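Biologist: I am new to this structure. Could you take me through it step by step?

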Amino acid sequence: MKNVIILGSQWGDEGKGKVVDLFSERFDIVARFQGGHNAGHTVYIGERKYVLKLIPSGLLRPGKQAVIGNGLVIDPAALLSEIDTLEAAGVAVTGNLYISNRAHVLLPIHRLMEKMSEGRPGRVSIGTTSRGIGPCYEDKIARRGIRVCDLLDRETFRAQYDLLMREKVAIARALDIYEELDLAGIRAQYEEFAERIRPMVRDTAVLLHQAMRDGKTVLFEGAQGTMLDIDHGTYPFVTSSSASAGGACTGTGVPPTRISGVIGVAKAYITRVGSGPFPTETPGEECERIRRRGNEYGAVTGRPRRCGWFDAPLLRYTAAINGFDSLVITKLDVLDEFDSIPVCVAYKLGNREIRELPPEAADVQRIEPVYECLPGWKSSTFGATCYDNLPSRAKEYLAFLEEHTGVEAGSISTGPERNQTIVRPGSRLEKLLA
Ligand code: IMP
């Protein structure tokens, strides 16, 4: 049995796209389990850059199969446009991609509802990706959502869609935010989408169970990051799905007993897009330097990412929530030129030193990081493929992160290409991938 979860251990954008693409070579199937087209996984293969939003990045490898699990919310227009782009680039999507019949369908009205919650006076603005993700999950939890299996049944879809639209339009009108939508035109368009996705729709839980019985292996690909998880993240500044390890089971129907390991992806520093507390955020020139060297702009929205220093207590927290066996540390090379590199080892809340993240957003906003500064290595690690050849201060930096997070750094990513990666011999990560 080799079924492994890979997910983000910070606020997303840790570089999971490349890592999943690279490690998917060792698995038969790659499965996404939550989120929607708010995610943006950037993968570079040779000269080509791919930004994947809904389709698991493992699909870029010939012969691999991919699953979009029941835990996702799917905008069919976004999905079909991604499929068309990939197929035009020569990637075989049809025949290799399976979509859960229990995933939820995202509609244009969800974007309108999101405008309401994000823009209205008095509401806390989360700084979302404006894709309608939250409102679609709201409908799911409120048990009025439309699922892919409903979309495929014309009569069911029409009845559910018309009822949902009546409710939404009434709410939008009452709040004076209604913008004219061609509701009948959208319904007809979704009926066309249904026919295009129909051949790919399956009971993907059954498909995965059968695949596992046949001895196939599955890599579960998280989107966003644990600190954006609806339960465990910096609520309310989170996304609306379960972005941590538990979500891999609920979002695919694969039981926890079939999971053999969990790998966390962490940047050698940390970033966040959107609003919300960020204890180790560094303002001004330092942030600019990291952003410039790390090209820290959102893959989906293009927004500049907020940048800061590695937060070890935060990582200890996400390691505990997810049960990380190993970490992949990405973008080490971004720190190559810094004279010294602060790492947060604890927090101060008022006069008290605390080691755990408090649950209230206001307290997370107030805590101050306690830093230890490590000397920079001031030489290039870009493209390194062998751990022993890293500058000794870079190795000390990684050892420090291991000591303060309690998790091994089993792999280090030193550039965007597949081959710019170190997998440490003898690590738990190496064994999980073997
Ligand atoms: P939503 O997922 O669009 O509802 O946005 C909620 C929060 O999650 C916002 O702070 C977004 O910036 C953040 N977010 C959503 N998707 C991603 C992602 O793929 N990477 C980083 N942040 C994300």
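Modeller: Two terms come first: strands (E, at least two residues) and helices (H or I, at least four) are DSSP runs numbered from the N terminus, and two strands pair if DSSP finds at least two bridges between them. This is a predicted model, in which local features need pLDDT of at least 70 and side-chain atom pairs count only at pLDDT 80 or more, while totals for chains, interfaces and linings use all residues. Residues are numbered from 1 along each chain as its sequence is written, and side-chain values use heavy atoms, with hydrogens and water left out.

Biologist: Fine. In what order do the 10 strands of the open sheet run?

Modeller: The order is S9-S7-S5-S2-S10-S1-S11-S14-S18-S19, and the pairing is mixed. Strand S9 (201-202) and strand S19 (421-423) are the edge strands, each pairing on one side only.

Biologist: How does S9 pair with strand S7?

Modeller: S9 and S7 (residues 97-100) pair in the parallel sense over two bridges. Ile99 has Val201 in S9 as its bridge partner.

Biologist: And which strands does S1 join, and by how many bridges?

Modeller: Four bridges join S1 to strand S10 (residues 218-221), and these two run parallel. Here Ile5 stands opposite Phe220 in S10. Five bridges join S1 to strand S11 (residues 261-267), again in a parallel arrangement. Ile6 has Ile263 as its bridge partner in S11.

Biologist: Why is S1 described as largely enclosed?

Modeller: Strand S1 (residues 3-8) has six of its six residues buried, so it is largely enclosed by the rest of the structure. Buried means under 20% relative accessible area, exposed means over 50%, and partly exposed is in between (1.4 Å probe, protein chains only).

Biologist: Which residues lie on each side of S1?

Modeller: Asn3, Ile5 and Leu7 are on one side, with Val4, Ile6 and Gly8 on the other, and all of them are buried. In a regular strand, side chains alternate between the two faces of the sheet.

Biologist: What about helix H1, then: how many of its residues are buried?

Modeller: Eight of the eight residues of H1 (residues 16-23) are buried, so this helix is largely enclosed by the rest of the structure. Among them are Lys16, Lys18 and Asp21.

Biologist: Now the ligand. Which residues are closest to it?

Modeller: The closest are Asp13, Asn38, Thr129, Thr239 and Arg303, out of 16 residues that surround the ligand. A residue counts as near a molecule if one of its heavy atoms lies within 4 Å of it. By class, this shell has six nonpolar, eight polar and two charged residues. Ala, Val, Leu, Ile, Met, Phe, Trp, Tyr, Cys and Pro count as nonpolar, Asp, Glu, Lys and Arg as charged, and the others, Gly among them, as polar.

Biologist: How much of the ligand's accessible area does the protein cover?

Modeller: The protein covers 97% of the 470 Å² that the ligand has on its own. Accessible areas come from the Shrake-Rupley method with a 1.4 Å probe; for residues, only the protein chains shown count as cover.

Biologist: Let us turn to the backbone. Where is the cis peptide bond?

Modeller: The bond from Tyr235 to Pro236 is cis, with omega near 5°. Pro236 is placed in the loop between S10 and helix H9 (245-250). Most peptide bonds are trans, and most residues other than glycine have a negative phi.

Biologist: What is the phi of Ser130, and what is that of Asn295?

Modeller: Phi of Ser130 is near 60°, a positive value in a residue other than glycine, and phi of Asn295 is near 50°, also positive. Ser130 lies in the loop between H3 and helix H4 (133-141). Asn295 is in the loop between helix H10 (284-294) and strand S13 (306-308).

Biologist: Last point: how accessible is Ser130?

Modeller: Ser130 is partly exposed, at a relative accessible area of 47%.
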